[in-house]
Amino acid sequence: MSSSVRDAFLKESFPSGFQWATSTESFKAEGGWLEDGKGETIWDRFSHEHQAFENQTIDLACDSYNKVDYDVYILRGLQVNTYQFSISWARIFPSGHRGSLSEKGALYYDKLINALIESGIQPVVTLYHWDLPQELQDAGGWTNPSIVEAFKDYADFCFSRFGDRVKTWNTFSSPWVVSHAGYGTGEHAPGIKDYVISSYQVTHNMLKSHAEAWHVYNDNYRKTQGGKVGIALNSDWAEPKNPALPEDVAAADRYLQFMLGWFAHPIFVDGDYPAELKTQIELKRNKCPSSEPARLPVFTPSESKRILGTADFFGLNHYTSRLVSNIDGGCTPGPQGVGDFQESVDPSWPSTASDWIFSAPSGLRMLLNYISKEYLNVVNVPIYITGNGMPTEYAILTDGVNVQRFTVQSLMDGFEGKQGYSERFGLHYVEFENPERPRTPKQSAYFYSQEKSQNQPELCLYFSIFNATI
């Protein structure tokens with residue numbers, strides 16, 4: 001970023017009423033993996049099968065299950081007005097079904113929600129952030145169509161139990177990661193490696209589950225509770241490696257359609273998958289008759305109608321950008337092979353503690369503008385940055401994009417999937433070697449608290465470069 005652009009960047013403040021938040025996710029922070037009758041999750045199983053860094057597990061994690069007051073105390077220190085956390089499905093329904101209800105599990109979330117409200121902090125709840133009850137996985141998990149009804153029932157319980165106090169709900173957070181890493185590459189729990197069929201079926205069932213949960217709220221709770229239900233989708237920004245080459249421009253668009261459009265297009269545009277995605281998969285089916293690389297399920301007309309328009313906001317998790325070029329992916333399963341694109345990064349982008357995250361602050365501005373034009377030109381709902389990201393007044397003030405919330409990922413260090421506790425994304429350092437799991441604020445926590453309270457836009461640039469490293 002040039003000095004002239006940087007200086008212009010620092011002149012404006014965020015709009016009045018802009019919401020500042022931070023977050024955690026249940027399996028990354030709660031611990032208490034068998035306390036009070038909680039059921040086993042796919043991440044419990046995954047870590048116990050020694051699939052994470054140095055055989056680390058989530059048995060204790062940050063011990064947030066026993067540290068509600070501690071966590072709310074450090075939230076007050078940050079001076080945030082919003083806290084986003086996810087509910088562990090298996091802590092409330094150990095088997096995944098209502099008949100197994102654990103009242104003690106539900107009371108834990110009651111206690112957390114009440115403590116937040118008493119501290120003047122708005123709770124934002126994610127119903128599903130990757131930790132499926134293992135009993136549901138044993139029945140096929142997200143590949144089994146019966147999970148749609150199970151998720152609907154789980155969502156109904158959460159709305160009825162907590163909805164008098166919770167006014168913003170994410171049905172799913174980063175569902176692309178579940179489809180891609182959980183059922184495609186197998187890098188995440190449940191470790192399924194099937195990008196030909198399972199990955200696409202998982203997306204299909206999650207979209208239908210999201211829609212059913214939204215309709216449950218809309219039909220039964222919206223009038224009395226007055227809340228909002230949306231979905232938090234993750235996406236990189238994709239820039240053509242050579243903008244002068246039409247084929248690279250088209251490849252960058254395919255990258256976005258295979259990542260963001262896979263979920264956003266059915267919800268926000270027409271109830272169906274993007275034309276580019278369907279066309280590319282059909283192209284590969286014809287090209288590779290003996291080794292089908294992808295099988296995309298088909299929505300019925302009634303299913304499409306049921307899905308379209310089921311979001312009161314557009315949640316966005318954004319971490320990095322990519323340079324994308326056109327290639328012939330052949331008959332290889334997976335987004336690169338089927339999508340005929342190859343990704344790289346600009347060597348000028350600063351690296352971070354995570355080998356897949358590179359800092360490209362301008363990427364968020366371009367992605368926000370893309371979302372506004374691609375998905376929100378008909379359905380006028382706000383954008384909430386629900387994870388990490390680099391908030392910028394360019395997109396809000398100069399481009400007129402309706403961004404209303406920024407959520408720092410995350411409140412404290414936690415279990416980062418296959419990387420275990422080796423990567424630290426938190427504003428607070430957690431001593432995982434200490435059974436008491438003390439939290440110590442990092443420089444980024446002090447900066448976030450001070451600069452946010454003064455509504456200073458330099459916060460954007462700071463977190464774009466340092467959030468994953470300090």
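A salt bridge is taken here as a side-chain nitrogen of Lys or Arg lying within 4 Å of a carboxyl oxygen of Asp or Glu. The model is a predicted one, in which local features need pLDDT of at least 70 and side-chain atom pairs count only at pLDDT 80 or more, while totals for chains, interfaces and linings use all residues. Residues are numbered from 1 along each chain as its sequence is written, and side-chain values use heavy atoms, with hydrogens and water left out.

The structure holds 26 salt bridges. One of them joins Glu-103 to Arg-161, whose closest N and O atoms are 2.8 Å apart. This pair links distant parts of the chain, since Glu-103 belongs to helix H6 (residues 103–118) and Arg-161 to helix H8 (residues 147–162), 58 residues apart; helices (H or I, at least four residues) and strands (E, at least two) are DSSP runs, numbered from the N terminus. Glu-103 has a relative accessibility of 38% and therefore counts as partly exposed, a class that lies between buried (under 20% relative accessible area) and exposed (over 50%), as computed with a 1.4 Å probe on protein chains only.

Helix H6 also contributes Asp-110, whose side chain meets that of Arg-165 in a salt bridge of 2.9 Å, N to O. Here too distant parts of the chain are linked, with Arg-165 placed in the loop between H8 and strand E4 (168–173), 55 residues from Asp-110. Asp-110 is buried, at a relative accessible area of 11%, and Arg-165 is likewise buried, at 18%.

Arg-165 also forms a salt bridge with Asp-164, the closest N and O atoms being 3.0 Å apart. Taken together, Glu-103, Asp-110, Arg-161, Asp-164 and Arg-165 are linked in a network of salt bridges.
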